[in-house]
Amino acid sequence: MGHAVNPSPILAISDLKVRYPGTAVDVLRGVELTVGKQELVAVIGASGSGKSTLIRCINRLVEPTSGTIRLLDAEVTALRGAALRRARKRMGMIFQEFNLIDRYKVLDNVLAGRLGHYSALRCFFSLYPRDAIDRAVRLLERVGLGDFLDTRADALSGGQRQRVGIARAIFQGPELLLVDEPTSSLDPRIASEIMGLIRDIAQEQGVAALCNIHDVALARRFASRVVALKDGRKVYDGTFDHLDQERLAWIYAEPSRGHS
Amino acid sequence: MIASVSVVRARQLRLLSRFTVLLLSGVGLWMSLNYLNVHVERFEQLFQRLGVLFANRYYPPDLEYITRPGFLKSVLETIHMAFLAALIGLLVSAPLAWLASFNVSPFPKMGYPLARLLITTSRAIHEMIWAIIFVMIVGYGVLAGVIALTLSCIGFSAKLFAEEIESIAPGPVEAVKASGASPLGVFLFGVLPQVKTAWIGISIYTWDVVFRASTVVGFVGAGGMGWYLRRAADQLQSDRVAAIVLLIVALVACSELFSFYARKRFHG
């Protein structure tokens, strides 16, 4: 799989369409997108533009209606069962609501990131290899939670919880990070700390990241490239240089169709 | 203006429908009493007759009877039956509830309806009827009782377990799924931590229910002290019936006390 000399993109999406069962409108209407190695791509757009659906489609938490999603050598849309789980293992996900296991300790939450690698029973009885535990501890120190290994996840503040979420996603050993509004539940100062952490840690680990974010100013500070969605279509893809106020106002204007 | 007219109309309709329900309940009550030929005037004498009955026939209870070794053995048998049935029933209920929850069932197409069917069947048939059925299949004795109690335990706890699973937060489940975990991993890490406390409470409650049931399944010959209760009742030995009933009340009270402390421990 992905070695350093491979010039092809990590992720290549083509003509992706999604319609949720029982609805009459496409949420995504033919999205094309590629993400290169070590790239941090911000996805902006109004709520309901399809950002979240796009991210969730890539690891098939949402089923695409048509189109292709290629993760390096794997055609994700065609996978089922164990093969799909292997593909998911290569994509770490960071959530708006953190989605930690509240009753578990911080360290156990991070260790659970390797659930795709070890058998579920082995993880359940906490029989992780010694070096895996060492690596999880080092990662938690890296995200600034070295003193909270034994704290229950629900005892942490929002910013700390998201740090656990980041450590968990990185501990999984992914090639691509899928990040869904990582800062929407946090106050502005913490939000920019978290975005900075995601950018730095992705760079250190050599991981590409696709990051949904509705705060354009924040995206501008941390992402190298920006993709804008409007009504389920990609309407901008490039650097921030050509993204002027007029264009932004149009991107965030009322959707032409009334539905979400 | 028009809006307020329709609001008033809707409120009137609601009031009317409430009175209709009240009226129908009253009519239903009257019809049932009539059909069953219930003589309400006899209720006046109920407490008086109860007093006489207790004084003359059930008092004093034959306490010597319940200390006989044969009977005590049946009490032990009853406790063992309840314990086995609750243990097996709960162990079966956990995976069954997982299959039977619409949000995280690992086999939503086949497993979900099958598990639902199994739970509903176990639940629809009363434990005494299960006991009668299994006495006919496997003969008199504790085996029939344990199977009957296990089924009633499954019908009770699996349904409550599944309801807990159906109300969990989807976020952690999604996170575990996104990491490439197997279905078992999703259950153990996404589902179980969220329902654990509730499941322990339900398990303790289930024990209460199963233990209560275990004292009477013997009535139809499915093992335990129920058999002695039936014999004493058939032979009109009311002092013995009184002693046995007293013992059942005491045992159930002990068990509930135990449950109370167990619950306090796990929730505290």
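Predicted model: local features only at pLDDT ≥ 70, side-chain atom pairs only at ≥ 80, totals over all residues.
Trainee: Let's start with chain A. What makes its radius of gyration agree with that of a compact globule?

Mentor: Set the value against the rule. A compact globule of 260 residues would come out near 18 Å, and chain A has 18 Å, so the two agree. Along the principal axes, its C-alpha atoms fill a box of roughly 55 × 40 × 40 Å.

Trainee: And what is chain A built from, in helices and strands?

Mentor: Nine helices and ten strands. Of its 260 residues, 53% count as buried. Take contacts between residues at least 6 apart in sequence: 71% of those join residues at least 24 apart.

Trainee: What about the surface and the charges of chain A?

Mentor: The accessible surface comes to about 11,500 Å², with 50% of that belonging to carbon and sulfur atoms. There are 36 positive and 30 negative side chains, and the centres of the two sets lie 5 Å apart.

Trainee: Why is A:Leu72 called buried?

Mentor: Buried means under 20% relative accessible area. A:Leu72 has 12%, so A:Leu72 is buried. You'll find A:Leu72 in the loop between strand S4 (66–71) and strand S5 (74–75) of chain A.

Trainee: What makes the phi of A:Leu72 worth a note?

Mentor: Phi is near 50° there, a positive value in a residue other than glycine. A:Asn99 gives another case, with phi near 55°.

Trainee: Where does A:Asn99 sit, and how do you know whether to call A:Asn99 buried or exposed?

Mentor: A:Asn99 is in the loop between strand S6 (91–94) and helix H3 (106–111) of chain A. Its relative accessible area is 10%; the cut-off for buried is under 20%, so A:Asn99 is buried.

Trainee: Same test for A:Thr183, then: why does A:Thr183 count as buried?

Mentor: Relative accessibility is 8% and the limit is under 20%, so A:Thr183 counts as buried. The residue is in the loop between strand S7 (176–180) and helix H7 (188–205) of chain A. Leaving aside residues up to four places away in sequence, A:Thr183 touches A:Ala191, A:Ile194, A:Met195, A:Ile213 and A:Leu218.

Trainee: How do you know that chain B is in contact with chain A?

Mentor: Contact means heavy atoms within 4.5 Å. By that test, 20 residues of chain B are in contact with 25 residues of chain A. Between them the chains bury about 1,900 Å², 67% of it on carbon and sulfur atoms. On the chain B side, B:Ala178, B:Ser179 and B:Phe189 lose the most area to chain A, together 33% of what that side buries.

Trainee: One last thing. What makes the peptide bond between B:Tyr59 and B:Pro60 cis, and where is B:Pro60?

Mentor: Look at omega: the value is about 0° for the cis bond joining B:Tyr59 and B:Pro60. B:Pro60 has its place in the loop between helix H2 (43–58) and helix H3 (69–99) of chain B.

How values were computed: Residues numbered from 1 in each chain as written. Chains lettered and ligands numbered in written order. Heavy atoms only, no water. Helix = DSSP H or I, 4+ residues; strand = E, 2+ residues; numbered from the N terminus. Rg over C-alpha atoms; globule rule 2.2 N^0.38 Å. Buried < 20%, exposed > 50% of the residue type's maximum accessible area, 1.4 Å probe, protein only. Areas by Shrake-Rupley, 256 points an atom, 1.4 Å probe, with all protein chains shown as cover. Lys, Arg positive; Asp, Glu negative; His and termini not counted. Charge placed at Lys NZ, Arg CZ, Asp CG, Glu CD. Buried area = accessible area lost by both parts, 1.4 Å probe.
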